[in-house]
Amino acid sequence: MTRIIIGQYYPADSPIHRLDPRVKLLAVIAYVTVLIFVTNFYGLAVAALFLAGVIWLSRVSVRFVLRGLRVILFILSFAALINLLLTPGENVLFSFAFIRVTTEGIHRAAVMGARLVLLITGSSLLTLTTSPIQLTDGIEALLKPLRLPAHDIAIMMTIALRMIPTLAEELGKIMKAQKARGADFETGSPLKRIRNFLPILVPLFVSSFKRADELATAMEARCYRGGEGRTKLKPLGFTGRDALAGGVVVIFCVVLVLTRFI
């Protein structure tokens with residue numbers, strides 16, 4: 001659980017880190033939206049090449065990114081298995097009782113698995129290359145035209161993202177403490193394993209509320225009163241580099257949409 005990369009920030013001096021957070025937010029939204037509609041391996045190959053280029057430009061360690069994917073192996077395997085067994089098709093490769101494995105099921109399971117990996121990796125790059133302050137400013141700037149409490153929503157979303165690795169680390173500590181007291185999380189039936197995880201939830205919730213209270217106290221001690229009347233140390237600015245990055249993302253989305261017709 002401590003290997004979760006969503007919500008973590010990877011400090012580096014790269015072209016991706018220096019981009020305007022609004023551009024990165026819109027790019028991730030466009031990337032995720034278009035990728036959902038990809039149904040063939042041509043589009044997935046284009047998305048993988050684009051993502052590899054972004055990772056190279058961001059100077060984020062590839063090993064660090066791949067390490068974070070280990071956490072989703074169970075979800076990935078489960079989603080692939082469901083698509084493999086429940087997808088109807090004419091070309092049956094294996095059949096036993098109500099289980100039928102078809103070429104269509106294999107194709108859908110492979111596409112679904114690859115899509116999940118690309119979605120999670122691409123989304124994680126947003127927090128890996130954007131500091132919490134920049135992320136908050138970007139979300140607030142995008143929500144302001146909608147006449148919503150932009151600052152409050154932005155700060156809540158940023159805190160929630162940043163708390164993911166913290167809670168994962170806390171969960172790991174609690175599990176180690178329970179194991180030292182004789183708890184077993186690795187043997188027995190699936191139902192028994194789920195029951196063994198229940199005692200972990202209480203201390204995890206208590207720790208979460210305690211951290212939230214400490215954070216609120218720290219913000220009040222620093223005279224935090226919301227976004228009204230606040231100024232920014234580093235105001236956001238749109239540059240030619242941001243325009244170039246936006247144009248590249250638009251071209252990528254168009255190419256990805258065209259792959260549906262191949």
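Visitor: Is the crossing of α6 and α7 right-handed or left-handed?

Guide: The crossing of α6 and α7 is right-handed; a crossing is right-handed if the near helix is turned clockwise from the far one by less than a right angle, and left-handed if anticlockwise. Some background comes before the details. This is a predicted model, in which local features need pLDDT of at least 70 and side-chain atom pairs count only at pLDDT 80 or more, while totals for chains, interfaces and linings use all residues. Residues are numbered from 1 along each chain as its sequence is written, and side-chain values use heavy atoms, with hydrogens and water left out.

Helix α6 covers residues 132-143 and helix α7 residues 150-180; helices are DSSP runs (H or I, at least four residues), numbered from the N terminus. Their axes come within 8 Å and cross at roughly 145 degrees. Axes are lines fitted to C-alpha atoms over the stretch in contact, with angles from 0 to 180 degrees between N-to-C directions.

On the α6 side, the contact (heavy atoms within 4.5 Å) is made by Pro132, Leu135, Thr136, Ile139, Glu140 and Leu143. From α7, the residues taking part include Ala150, His151, Ile153, Met157, Leu161 and Arg162. By class, the contact of α6 with α7 has 10 nonpolar, 3 polar and 2 charged residues. Here Ala, Val, Leu, Ile, Met, Phe, Trp, Tyr, Cys and Pro count as nonpolar, Asp, Glu, Lys and Arg as charged, and the others, Gly among them, as polar.

Elsewhere, Arg59 lies in the loop between α2 (41-58) and α3 (62-69). Arg59 has a positive phi of about 60 degrees although it is not a glycine. Arg59 is exposed (over 50% relative accessible area, with a 1.4 Å probe and protein chains only; buried is under 20%, partly exposed in between), at a relative accessible area of 52%.

Terms used: Helix = DSSP H or I, 4+ residues; strand = E, 2+ residues; numbered from the N terminus.
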